[in-house]
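Colleague: I am new to reading protein models. Could you walk me through one, a feature at a time?

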Amino acid sequence: MKHFPLFVDSNKPSAFRQYMRCIVGGNWLMLVSLLVIISSIIISYPLAQAFSIPMQITAHISTIVFAGILKVGYVLRCVGFNELGQEVI
């Protein structure tokens, strides 16, 4: 499996750059949504008594919403890898 550079080289064809942006964007989307999911679970359950009811409701809803965003990021990453002919894990 090849490792792609973090930054996209401007000398590459535009399709390659586009799919590299898909991979990088999908990775970032997954990372940010995972951090939000973890923090919302911490707010919802172990530290629930430290937060108000509206904040707990928001945390519960954001857990569901950001789980969906995590899946969108994974699909975006898979599309990029697939179009570049790489193995999708």
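The conversation below goes from the overall fold to single residues.

Modeller: Happy to! First, this is a predicted model, where local features need pLDDT of at least 70, side-chain atom pairs count only at pLDDT 80 or more, and totals for chains, interfaces and linings use all residues. Residues are numbered from 1 along each chain as its sequence is written, and side-chain values use heavy atoms, with hydrogens and water left out.

Colleague: How many helices and strands are there in the protein?

Modeller: Helices (H or I, at least four residues) and strands (E, at least two) are DSSP runs, numbered from the N terminus. Here the protein has two helices and zero strands.

Colleague: How far does helix α1 reach from its first C-alpha to its last?

Modeller: The general idea is an expected span: 1.5 Å times one less than the number of residues in the helix. Helix α1 covers residues 14-44, which is 31 residues, and it reaches 44 Å, close to the 45 Å expected. Helix α2 has 31 residues and reaches 45 Å, close to the expected 45 Å.

Colleague: Which residues of α1 are buried?

Modeller: Relative accessible area decides that: buried means under 20%, exposed over 50%, and partly exposed in between, using a 1.4 Å probe and protein chains only. In α1 the buried residues include M20, C22, I23, G26 and S40. In α2, Q56, A59, S62, T63, G73, R77, C78, G80 and F81 are buried. Over the whole protein, buried residues make up 24% of the 89 residues.

Colleague: What do the buried residues of α1 pack against?

Modeller: Here we look for contact, meaning heavy atoms within 4.5 Å. The buried residues of α1 pack against α2, residues 53-83, and those of α2 pack against α1. Among contacts in the protein with a separation of 6 or more, 59% are between residues 24 or more positions apart.

Colleague: Can we zoom in? Is S40 buried or exposed?

Modeller: S40, found in helix α1, has a relative accessible area of 3%, so it counts as buried. Not counting residues up to four places away in sequence, S40 touches A59, S62 and T63. There is also a polar contact to look at, which is a pair of N or O atoms within 3.5 Å; within protein, one must be able to donate a hydrogen and the other to accept it, and residues adjacent in sequence count only if both atoms are side-chain atoms. In this case a polar atom of the S40 side chain lies 2.9 Å from the backbone oxygen of I37.

Colleague: And which residues is G80 in contact with?

Modeller: Leaving aside neighbours within four places in sequence, G80 is in contact with Y19, C22 and I23. G80 sits in helix α2 and is buried because its relative accessibility is 0%. G80 and Q18 are 62 residues apart in sequence, yet their C-alpha atoms are 8.2 Å apart in space.

Colleague: How many disulfides does a search of the whole structure find?

Modeller: A disulfide is a pair of cysteine sulfur atoms within 2.5 Å. The search finds zero. As for cysteines, C22 is buried at a relative accessible area of 16%, and C78 is buried at 15%.

Colleague: Let's turn to the outside. Is R21 buried or exposed?

Modeller: R21 lies in helix α1 and is exposed, because its relative accessible area is 53%. The C-alpha atoms of R21 and R77 are separated by 9.1 Å, although the two are 56 residues apart along the chain.

Colleague: Where is Y45?

Modeller: Y45 is in the loop between α1 and α2, and its 56% relative accessibility makes it exposed. Its C-alpha is 9.3 Å from that of H60, 15 residues away along the chain.

Colleague: What phi does G85 take?

Modeller: Just after α2, G85 takes a positive phi of about 80 degrees.
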